[in-house]
Amino acid sequence: MSRAIAGDELSRTLGLVPLKPSAMSFWQQICSEPSLFSSPAKCLRVLLLCCKHHPAELKPPLGTLLRRIQCVPVQSGTAASAAMLAFPEEAYFDDMTLGHKFSDLPTLHPSVRKLIDHGLLRADALRDIGVREDPPVRLILQHLEELDWDVHAALRFLASEAKGLTPDDFDHLRRTPFLPCVVPPPPSEHDSDPSDSEPPMRNEEERVLRLEVPGKLC
């Protein structure tokens, strides 16, 4: 019936704002209703709807909307516990890499895993909104000693095993001094001919690979 009434009349007489005929407007309306995200069960309904009724071109903007909402049911630690709600980028898949080393991170609640296993909820849709498959680089670098890793082992993991590094992870790598390097001694007046010295390294990776003993972190 509301389609037959002008939008300004709906607003003036009933205080209703008619939805614009677009999928994005629909999802903006959904994400602006806190009552729809007030419990794990309600959030699961929204996530199921998200998986079933949104076109591929909506993935980026819809992901941006849902990242701002605590909408992912999680459990704390490995022991079964009541579902809590987390922001997508603070939630982790229950089979994430290194999960045995970071068992205190909030992982998907079994109710979510059940829906994934039955094909009702898509894991890639959860990835699209920010659910993580790896611990963040920040945590990995902070816990190298507990992982019993040196820097080389951490780099091998990040290069070959990590599944979902984010722009924030790469930014943290750029800003964190974690690569070992050797600080050359100051030149002395008794130095030999510069032509006898070792040629300069081509790049930082070669410098790391040629180290025989741990160098100074710089």
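Predicted model: local features only at pLDDT ≥ 70, side-chain atom pairs only at ≥ 80, totals over all residues.
Student: OK, strand β1: is it largely enclosed or open?
Tutor: Largely enclosed by the rest of the structure, because four of its five residues (72–76) are buried. Buried means under 20% relative accessible area, exposed over 50%, and partly exposed in between (1.4 Å probe, protein chains only). Strands are DSSP E runs of at least two residues and helices are H or I runs of at least four, numbered from the N terminus.

Student: Which strands pair with β1?
Tutor: β2 (residues 84–86) pairs with β1 in the antiparallel sense over three bridges, and Pro 73 stands opposite Leu 85 there. β3 (residues 106–108) also runs antiparallel to β1, joined by three bridges, with Ser 76 partnering Pro 106. Pairing here takes at least two DSSP bridges between the strands.

Student: Switching to salt bridges, how many are there?
Tutor: Nine, each being a side-chain nitrogen of Lys or Arg within 4 Å of a carboxyl oxygen of Asp or Glu. One of them joins Arg 113 and Asp 94 at 2.7 Å, N to O. Arg 113 lies in helix α5 (residues 110–117) and Asp 94 in the loop between β2 and β3, so the pair ties together parts that are 19 residues apart in sequence.

Student: What about Asp 95?
Tutor: Asp 95 also forms a salt bridge with Arg 113, with the closest N and O atoms 3.8 Å apart. Asp 95 is exposed at 52% relative accessible area, while Asp 94 is partly exposed at 36%.

Student: And Asp 124, which residue does it bridge to?
Tutor: Arg 122, with the closest N and O atoms 3.1 Å apart. Elsewhere, salt bridges that share partners join Asp 94, Asp 95, Arg 113 and Asp 117 into one network.

Student: Where does Asp 148 sit?
Tutor: In the loop between α8 (144–147) and α9 (151–160). Asp 148 is exposed at 68% relative accessibility, and its phi is near 60°, a positive value in a residue other than glycine.

Student: Buried or exposed, what is Val 46?
Tutor: Val 46 is buried, with a relative accessible area of 7%, and its place is in helix α3 (residues 40–52).

How values were computed: Residues numbered from 1 in each chain as written. Heavy atoms only, no water.
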